[in-house]
Amino acid sequence: QVQLVESGGGLVQAGGSLRLSCVASGRVFSINGMGWYRQAPGKQREPVAVLARSGSTNYADSVKGRFTISRDNAKNTVYLQMNSLKPEDTAVYYCNTVPNSIAWGQGTQVTVSS
């Protein structure tokens with residue numbers, strides 16, 4: 001059962017922008033916070049942005065000031081707006097519930113060229 005579906009990735013030049021989307025089931029979305037994670041080749045998956053149920057947000061130091069996490073409750077969707085992209089942002093991006101994760105989706109590939 002697929003409960004998380006990411007989209008919006010692509011190839012972009014350094015300095016460009018992308019907006020990622022993650023659609024979750026209504027129950028999953030409504031009772032949990034949400035987070036975005038990324039995994040680059042040869043590296044562990046790491047959190048990049050978290051939106052708690054309270055509405056508070058937290059960002060990895062590497063993306064502060066460039067990425068913004070938000071949600072649309074009516075669409076059961078969480079977004080990651082990524083601006084001023086850098087080659088080191090290249091990774092597969094995933095969403096999941098926080099603080100307790102469920103099964104991971106397929107993710108969406110973000111590639112930033114130099």
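Predicted model: local features only at pLDDT ≥ 70, side-chain atom pairs only at ≥ 80, totals over all residues.
Local features need pLDDT of at least 70 and side-chain atom pairs count only at pLDDT 80 or more, while totals for chains, interfaces and linings use all residues. Residues are numbered from 1 along each chain as its sequence is written, and side-chain values use heavy atoms, with hydrogens and water left out.

**Exercise 1.** Determine which residues form the disulfide and which parts of the chain the pair ties together.

*Solution.* Step 1: a disulfide is a pair of cysteine sulfur atoms within 2.5 Å. A search of the whole structure finds one, formed by Cys-22 and Cys-95 with their sulfur atoms 1.8 Å apart.

Step 1: Cys-22 lies in strand S3 (residues 18-24) and Cys-95 in strand S9 (residues 91-98), so the pair ties together parts that are 73 residues apart in sequence. Strands (E, at least two residues) are DSSP runs, numbered from the N terminus.

Step 2: the torsion about the S-S bond is about 55°, and the disulfide is therefore right-handed.

Step 3: buried means under 20% relative accessible area, exposed over 50%, and partly exposed in between (1.4 Å probe, protein chains only). Cys-22 is buried at 0%, and Cys-95 is buried at 0%.

**Exercise 2.** Describe the surroundings of strand S4 and its pairing with S9 and S5.

*Solution.* Step 1: six of the seven residues of S4 (residues 33-39) are buried, so the strand is largely enclosed by the rest of the structure.

Step 1: two strands pair if DSSP finds at least two bridges between them. S4 and S9 run antiparallel, joined by seven bridges, and Gln-39 stands opposite Val-92 in S9.

Step 2: five bridges join S4 to strand S5 (residues 46-51), also in the antiparallel sense. Here Met-34 stands opposite Leu-51.

Step 3: the hairpin of S4 and S5 has six residues between the strands, and Gly-42 in this hairpin takes a positive phi near 75°.

**Exercise 3.** Identify the residues linked in a network of salt bridges, and state whether Arg-38 and Asp-89 are buried or exposed.

*Solution.* Step 1: a salt bridge is a side-chain nitrogen of Lys or Arg within 4 Å of a carboxyl oxygen of Asp or Glu. The structure holds four.

Step 1: among them, Glu-46 pairs with Arg-38 at 3.0 Å between the closest N and O atoms. Glu-46 is partly exposed at 30%, whereas Arg-38 is buried at 6%.

Step 2: Asp-89 pairs with Arg-66 at 2.7 Å. Asp-89 is buried at 1%, and Arg-66 is buried at 9%.

Step 3: Arg-38, Glu-46, Arg-66 and Asp-89 are linked in the network.

Definitions and conventions. Helix = DSSP H or I, 4+ residues; strand = E, 2+ residues; numbered from the N terminus.
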